[in-house]
Amino acid sequence: MFRLSNDFNQIDASLSKRYLILMEKIALRSDITLPRTIKISYCKNCKRLYKGNSRVRITGKMLKISCISCGDIRRILLD
Ligand SMILES: [Zn+2]
């Protein structure tokens with residue numbers, strides 16, 4: 001499902017967004033936690049993939065990803 005969204009991102013951003021929302025809904029309904037790698041690869045605020053749409057900065061043990069389209073900043077603790 002995520003790969004599908006990833007593929008569509010190159011073609012149509014809005015379609016990719018729809019797939020991400022759908023993927024979240026399915027995960028919620030079936031009680032699955034999405035893998036971390038998937039979780040950190042898209043913006044939770046505007047549902048856009050970070051690929052080519054973000055600024056990543058590493059400060060100490062923190063990974064800061066800022067979304068260019070909505071300005072949302074996510075902090076991820078590196079282990
Ligand atoms: Zn965003």
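Helices (H or I, at least four residues) and strands (E, at least two) are taken as DSSP runs and numbered from the N terminus, and two strands are said to pair if DSSP finds at least two bridges between them. The model is a predicted one, in which local features need pLDDT of at least 70 and side-chain atom pairs count only at pLDDT 80 or more, whereas totals for chains, interfaces and linings use all residues. Residues are numbered from 1 along each chain as its sequence is written.

The chain contains three helices and three strands, arranged from the N terminus on as α-α-α-β-β-β. Strand β1 (residues 54-59) pairs with strand β2 (residues 62-67) in the antiparallel sense over six bridges, and in the hairpin of β1 and β2, with two residues between the strands, G60 adopts a positive phi near 60 degrees. Strand β2 is in turn joined to strand β3 (residues 73-77) by five bridges, also antiparallel; in this second hairpin, which has five residues between the strands, G71 takes a positive phi near 80 degrees. Within β2, K64 is the bridge partner of R57 and stands opposite R75 in β3.

Buried residues, defined by 20 or more other C-beta atoms within 10 Å of their own, with C-beta atoms placed from the backbone, make up 15% of the 79 residues in the chain. The largest nonpolar core comprises six residues, namely Y19, L20, Y42, C43, L49 and C67, where such a core is a set of buried Ala, Val, Leu, Ile, Met, Phe, Trp, Tyr and Cys residues joined through C-beta atoms within 7 Å. With contact defined as C-beta atoms, placed from the backbone, lying within 7 Å, C43 touches R48, Y50, C67, C70 and D72, not counting residues up to four places away in sequence.

How values were computed: Buried ≥ 20, exposed ≤ 12 C-beta atoms within 10 Å, placed from the backbone. Contact = placed C-beta atoms within 7 Å.
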